[in-house]
Amino acid sequence: MTEQDPSPAAQPSARPPCYRHADRTSSVLCARCDRPVCTECMIQAPVGWQCPECTHAGAKRSRQVPAFSRTGPGRSGVVGSTNPTPIVLTIIAVDVVVFFLERFGNDTAVITKYALWPRAVYVHDQYYRAFTAMFLHANFQHIFFNMLALLIVGPAVEVQLGKVRFLTLYLIAGLGGSVGSYLLSPANELGLGASGAIMGVMGAYVVLGLRRRLPIAPVVGLIVLNLLIGFTGNIDWRAHLGGLGVGALLALVYDAAERLRDRRQGILVTVGSSAAVLGVLALLMTSVTPGQLNLS
């Protein structure tokens with residue numbers, strides 16, 4: 001073993017100062033120009049770290065591609081030009097299988113047990129109904145138009161948000177629709193269908209489209225049409241409003257989280273906001289007696 005001289009003369013040379021802040025010690029060298037930059041100035045690039053000037057210059061030279069863009073045809077994230085996606089197809093398959101199991105909406109025992117029944121939820125603590133109701137449908141026309149709407153709008157939102165966030169938004173929006181129906185419907189009225197979750201997906205697309213400059217007119221038209229049908233026909237407009245509001249809110253937060261520079265912080269915001277919305281929905285369903293806010 002050899003001895004080392006601890007004197008300053010024997011130590012490695014100190015790091016050079018940041019070229020933008022002479023009073024600060026640099027942390028890395030810019031991967032593009034090799035200039036020293038401090039922690040405040042270093043910006044993560046696809047390869048290594050870059051200084052602010054090189055990052056800005058590179059952004060000018062390259063074509064701007066939205067963060068949600070996916071390579072390949074049919075993956076634009078725009079309604080009408082996005083192919084069917086895995087989670088959307090899986091949801092449709094599950095709904096179709098459940099529709100067969102409930103004998104095309106004719107098995108009253110299944111519907112009575114699993115549809116949203118506000119009084120049963122409150123009196124017997126059957127909170128599972130808020131979840132199971134979104135997979136039931138009353139007849140062929142009901143499931144056909146719901147699945148068609150999901151197939152039209154869903155793939156675009158899934159491409160923009162990714163599989164996990166899309167599925168999370170779909171399920172929480174569906175719960176939001178159930179809570180809206182629970183709060184505003186008669187206590188003894190049954191509610192079922194995926195329309196609350198699907199309205200949440202539509203609301204999410206409108207929010208993402210506004211923030212990412214995508215065409216939203218077709219989806220706005222679908223939302224207006226569904227709301228009009230809900231107010232004039234035998235459709236639960238309360239579930240539509242609940243799902244629409246929750247889906248739009250989550251999309252706004254998810255998109256803001258995706259734009260954060262720190263990926264871990266973005267994940268925390270996404271998970272935290274999802275948990276917070278779930279908590280509020282659970283609080284409303286467990287603390288409010290059904291029928292008090294009946295708007296029928």
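The model is predicted. The protein contains 11 helices and four strands. Of its 296 residues, 44% count as buried. Among contacts with a separation of 6 or more, 65% join residues 24 or more positions apart.

**Helix α9: length and faces**

- Helix α9 covers residues 217-232. It has 16 residues.
- From first C-alpha to last, α9 reaches 22 Å, close to the 22 Å expected at 1.5 Å a residue.
- Val219, Ile223, Leu227 and Gly230 are the buried residues of α9.
- Viewed down the axis of α9, these buried residues fall within an arc of 75°, so they line one face of the helix.
- An α-helix has 3.6 residues a turn, so residues three or four places apart point the same way.
- Exposed residues Ala217, Pro218 and Thr232 sit on the face of α9 turned away from its buried side.

**Helix α9: neighbours**

- Two packed helices are described by the angle between their axes and the distance between the axes.
- For α9 and α10 (residues 237-258), the axes come within 8 Å and cross at roughly 150°.
- Angles over 145 degrees count as roughly antiparallel, so α9 is roughly antiparallel to α10.
- On the α9 side, the contact is made by Ile223, Asn226, Leu227, Gly230 and Phe231.
- On the α10 side, Trp237, His240, Leu241 and Leu244 take part.
- The residues of this contact divide into six nonpolar, three polar and no charged.
- Ile223, Leu227 and Gly230 belong to this contact and are also among the buried residues of α9.

**Two loop arginines with positive phi**

- Most residues other than glycine have a negative phi.
- Arg103 has a positive phi of about 55°. Arg103 lies in the loop between α2 (86-101) and α3 (108-114).
- Arg213 also has a positive phi, near 60°. Its place is the loop between α8 and α9.
- Is Arg213 buried or exposed? Residues over 50% relative accessible area count as exposed, so Arg213, at 81% relative accessibility, is exposed.

Terms used: Residues numbered from 1 in each chain as written. Predicted model: local features only at pLDDT ≥ 70, side-chain atom pairs only at ≥ 80, totals over all residues. Heavy atoms only, no water. Axes fitted to C-alpha atoms, helices over the stretch in contact; angles between N-to-C directions. Parallel < 35°, antiparallel > 145°, perpendicular 65-115°, else oblique. Contact = heavy atoms within 4.5 Å. Nonpolar A, V, L, I, M, F, W, Y, C, P; charged D, E, K, R; others polar. Expected span 1.5 Å × (residues − 1). Buried < 20%, exposed > 50% of the residue type's maximum accessible area, 1.4 Å probe, protein only. Arc of directions from axis to C-beta.
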